Amino acid sequence: MADHRQALPDGKWLDVDGVRTRYYDQGSGEAVVLIYGGNFGTSDSASSAYTWSSNLNALAKDFRVVCFDKLGQGFTDNPPDDDYTMRAVVRHAREFIGALKLPPVHLVGHSRGGYAAMRMALEDHDLVKSITIVNSGTLSPGVGTNEVVLSRPPFPRGTRECVRWVYENYSFAPAVVTEEWVDAVMETLALPKYQASIRKMEGEKLATKLFLPELARQKRDTLQWIAEGRLQRPVQVVWGFNDRTAVIERGIELFQLIAAHERRAQFHVINQSGHFPFREHPDRFNRLLAGFVAANS
Amino acid sequence: MQNLTRDTFTVKGAPAAVLRNAPARDPLIFIHGGIPGSSPYCSGVHIWGGVLDRLAAAHGVLAVDLPGHGETPAGAPTVDAYVEWMADFLSAAGIRSCFAIGHDLGGLVALELATRLPSLVRGISVVSSVALAPTGDGVENVTLAHPPVPLWTRNSQRWAFEQLSYAPDHITEDFLDACVAAAQQPPHRATAAAMRDGALDNEFIPSLMRAKGRFYELCRGPGIPVPVQVIWGSHDRLGSLDQALWLYRLVASRQTAAHFHVINRVGSFPFREDPHTFHQLINSFCEAVFPHTA
């Protein structure tokens, strides 16, 4: 088995409409853009481009692979004008792809990133060749169980123990949560700008006053658009079978919603995997993605 | 069929009809489905269609006519006998390591073969295998209840494939020619006669129930010893997505390398209706299971 546990090299930087954005851009060929999940201002977890560390290099052998830190996440600047909304996240992602002058891309979105990928495709079809959605409760109809599984961690927020507990509960095998992964999360959490986003989201309650209500509104018309058949791009829905936060039935419901209008829809399940199948079984995930991208190029 | 030729092996002194390309390492073994003399369509190597040729471009491919199909003489009409015959066949063909792809009943045969000979059958794809899925106290499935008679004529088989498909495009005249030819072969005629005379109810169905029982016992216990891929059509009228997911749950409970794939807008023959996606799924699974095939 290939060694996927290599830390990412130093990223590149791009000014996206005033937002300093950190990204990676490796390999050549069809452009694949990886969009991770999570959101700014959470104190017990923090995603960054590192989330794709088991995939970036492997996929870059066949494709041009781009992954970037979303607005307010990882090393990318926080939203201007305190616009802590998913709408701003999607706009930034779209402008980032535009600024890189990428050809139409294959979007791969995980969790909240799956929602962002789908919304981007629905708003700007010309940007997108295909979409891969991975364990996205944010996008799927039905009841999400994140809070059921992850509320009130038994460790102080922001500590290594807390971060580890959260990711272990997201995963099937606790061993997948390596020290390196925890390091990457802790590095993001320690950034002054990330601490500022925590103060906004948790301290000033922008999470419940702004982010979540706006996402819920947007999600309503996003699902409506999918149900109307507005997507019109090939989609594969990939699911880790043992995810307790976004259970398999939600993936099936999402697939059926998409497949009603889109012939080129596929549904794939990877066993013994929780919320992060591309980290728990990188070889299988990478093969699946490579096949789908090649078939829709 | 540029990459494939018909060939005959000798298994326990009797001929075994196959479709194959040049021998290669870790070939893909295709085991068709259908119950001879009972299913209203005639299965055999022809059922796989163009996907074999696609796969033969990068893999060794060997598709068999099970006993009672094509030119392979009939044997005992039981699942156990099919499994036994396949084991003998792999031995006769000199196969030491392979990946087996089974459609419908062939999925059950592939699974039993892998359970018995895991170092030989090192991974399996189970395709639209309603035979393996739990049915619980299901309601009667009437999809194939009233085929036009006489059975196994061109029109009757066309009807059966239309019932089992999302779209009829794959049911070409060439394909129906092959199905009608299979129906007229002595092995199919002999099996059909035997099934009509009681073999279906007295031998085949009991053997199927026993095999299913062994499968569920296996899933409660040590599990399937090799990687498994379950492939299903979104519009399979013989087995619902719910049944497919239950089958996958059983498989996945003990086998780490278990994948589940749903192909959209296809019925009970996903490899015929969407050979492109089927090809892609077999490739990505084989490459993950046997990294050297990449």
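**Close-up views of a two-chain model**

R164(A) has a relative accessible area of 22% and is therefore partly exposed. The structure shown in every view is a predicted model.

Figure 1. E168(A), with a relative accessible area of 26%, is partly exposed. The pair is part of a network of salt bridges that links R160(A), R164(A), E168(A), E179(A) and D183(A).

**Figure 2. A salt bridge between distant parts of chain A**. The partners are K129(A) and E30(A), whose closest N and O atoms lie 2.9 Å apart. K129(A) is located in strand β6, whereas E30(A) is located in the loop between β2 (19-26) and β3 (31-35), and 99 residues separate the two. K129(A) is partly exposed at 27% relative accessibility, and E30(A) is partly exposed with a relative accessible area of 23%. Over all chains, the structure holds 29 salt bridges.

**Figure 3. The enclosed strand β7 of chain A**. All 6 of the 6 residues of β7 (residues 235-240) are buried, so the strand is largely enclosed by the rest of the structure. V235(A), V237(A) and W239(A) point one way, while Q236(A), V238(A) and G240(A) point the other way. Strand β6 (residues 128-134) of chain A pairs with β7(A) in the parallel sense over 4 bridges, and I133(A) is placed opposite V237(A). β7(A) also pairs with β8(A) in the parallel sense, over 6 bridges; here W239(A) is opposite V269(A).

**Figure 4. H268(A) and its surroundings**. H268(A) belongs to strand β8 of chain A. Its relative accessibility is 1%, and a residue counts as buried under 20%, so H268(A) is buried. The side chain of H268(A) makes a polar contact, at 3.2 Å, with the side chain of Q236(A). Beyond its neighbours within four places in sequence, H268(A) is in contact with residues of chain A, including V237(A), V238(A) and L288(A), and with F260(B), H261(B) and L281(B) of chain B.

**Figure 5. Strand pairing between the two chains**. Strand β8 (residues 265-270) of chain A and β8(B) pair in the antiparallel sense over 5 bridges. Within β8(B), H261(B) is the bridge partner of H268(A).

**Figure 6. The interface of chain B and chain A**. In this interface, 25 residues of chain B are in contact with 26 residues of chain A. The area buried between the chains is about 2200 Å², and carbon and sulfur atoms give 54% of this area. Across the interface, 19 residue pairs are in polar contact. On the side of chain B that touches chain A, the elements giving two or more residues are α7 (241-252), β8 (258-263) and α9 (275-289). The largest share of this side, 7 residues, comes from α9(B). By class, the side comprises 12 nonpolar, 9 polar and 4 charged residues.

Figure 7. R287(A) has a relative accessible area of 29% and is partly exposed.

How values were computed
Residues are numbered from 1 along each chain as its sequence is written. Chains are lettered from A and ligands numbered from 1 in the order in which they are written. This is a predicted model: local features need pLDDT of at least 70, side-chain atom pairs count only at pLDDT 80 or more; totals for chains, interfaces and linings use all residues. Side-chain values use heavy atoms; hydrogens and water are left out. Contact means heavy atoms within 4.5 Å. Buried area is the accessible area (1.4 Å probe) that two parts lose on being put together, summed over both. A polar contact is a pair of N or O atoms within 3.5 Å; within protein, one must be able to donate a hydrogen and the other to accept it, and residues adjacent in sequence count only if both atoms are side-chain atoms. Ala, Val, Leu, Ile, Met, Phe, Trp, Tyr, Cys and Pro count as nonpolar, Asp, Glu, Lys and Arg as charged, and the others, Gly among them, as polar. Two strands pair if DSSP finds at least two bridges between them. Buried means under 20% relative accessible area, exposed over 50%, partly exposed in between (1.4 Å probe, protein chains only). A salt bridge is a side-chain nitrogen of Lys or Arg within 4 Å of a carboxyl oxygen of Asp or Glu.
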